[in-house]
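Visitor: I've got a model open and would like a quick tour. Can you walk me through it?

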Amino acid sequence: MRYFLLSYALIIIAVVSVAGLRGSHSRKPPLEVFPDMDRQNKLRPQADNDFFGSGRTSQPYVAGTIARGTAYQDIPVNTGRVTGTTNFVASIPVAISESLLERGRERYDINCSPCHGGTGDGKGITTQYGMVAVANFHDPRLVKMAAGEIFNTITHGKNLMGAYGANIDIPDRWAVVAYVRALQRARLAVGDEVPENERAALQQ
Ligand code: HEC
């Protein structure tokens, strides 16, 4: 019993001395059990700094810096729209080359084919797992769709489709648009367009 009373008293003293003084003001530095990162080397804005030639801590922006979230320069390549309007550009505003299409095929297969399917028919693997109403690129509405609008859909998404702008940079988005056009064209082609020497292989 004696030990109990003694330890009881000690615990009360310990609790009061730690918790009881919380919030009281003192000019003495606090007892710091875990300093965490209370003090660390850092540069304060507006402070002097002889590291930089200008003697300032805050440095001016690098030329060409744009604020996060502000639009890029308003040109079709960046926006998919005719400069100064909200109209989509009808055709792809970059030069089409075989390497662009190859790049587009690669990016398409990675980013789009899981939903839209390897041929663009909207029957990608995700449709077997509950993804509904995936657009079919061979739908005449999408065949006629302005290239800028497809670009815009990649950038910002549309209805059920999420945005892919963060995953696919601008040149690659146009490459994907070009590849989507190639998929559409492939299905619209007629027999006469196949080079003569390859027709036999098709007819088999
Ligand atoms: C996670 C699945 C998914 C992925 C990945 C995906 N899409 Fe889609 N996409 C959809 C769905 C679903 C729709 C139909 C959206 C709606 O109208 O509700 C759609 C619609 C579209 C449309 C038609 C938009 C319209 O105006 O009707 C285009 C064009 C398109 N996608 C292009 C792409 C391209 C290009 C990629 C690859 C960069 C891509 N999508 C990746 C699911 C996806």
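Visitor: Which residues have the most contacts inside the largest nonpolar core?

Guide: First, a caveat: this is a predicted model, where local features need pLDDT of at least 70, side-chain atom pairs count only at pLDDT 80 or more, and totals for chains, interfaces and linings use all residues. Residues are numbered from 1 along each chain as its sequence is written, and side-chain values use heavy atoms, with hydrogens and water left out. A nonpolar core here is a set of buried Ala, Val, Leu, Ile, Met, Phe, Trp, Tyr and Cys residues joined through side-chain atoms within 4.5 Å. The largest one has 22 residues, and those with the most contacts inside it are Tyr 108, Trp 174 and Val 177.

Visitor: Which element gives the largest share of this core?

Guide: Elements are DSSP runs numbered from the N terminus, with helices (H or I) of at least four residues and strands (E) of at least two. Those giving two or more residues to the core are α3 (98-111), α6 and α7. The largest share, nine residues, comes from α7.

Visitor: Which residues coordinate the iron atom of the ligand?

Guide: Donors are N, O and S atoms within 2.8 Å of the metal (3.2 Å for Na, K and Ca), and water is not among the atoms, so sites may look incomplete. The protein's contacts to the iron atom sit at 1.9 to 2.1 Å, through an NE2 and an SD atom. Those belong to His 116 and Met 161.

Visitor: How many residues apart in sequence are the parts that this pair ties together?

Guide: His 116 lies in helix α4 (residues 113-116), while Met 161 is in the loop between α6 (147-156) and α7 (170-188). So the pair ties together parts that lie apart in sequence by 45 residues.

Visitor: Is His 116 buried or exposed?

Guide: Buried means under 20% relative accessible area, exposed over 50%, and partly exposed in between (1.4 Å probe, protein chains only). Met 161 is partly exposed at 26%. His 116 has a relative accessible area of 10%, so His 116 is buried.

Visitor: Which side chain makes a polar contact with the side chain of Thr 155?

Guide: Thr 155 lies in helix α6 and counts as buried at 15% relative accessibility. A polar contact is a pair of N or O atoms within 3.5 Å; within protein, one must be able to donate a hydrogen and the other to accept it, and residues adjacent in sequence count only if both atoms are side-chain atoms. At 3.0 Å, the partner of Thr 155 is Arg 173.
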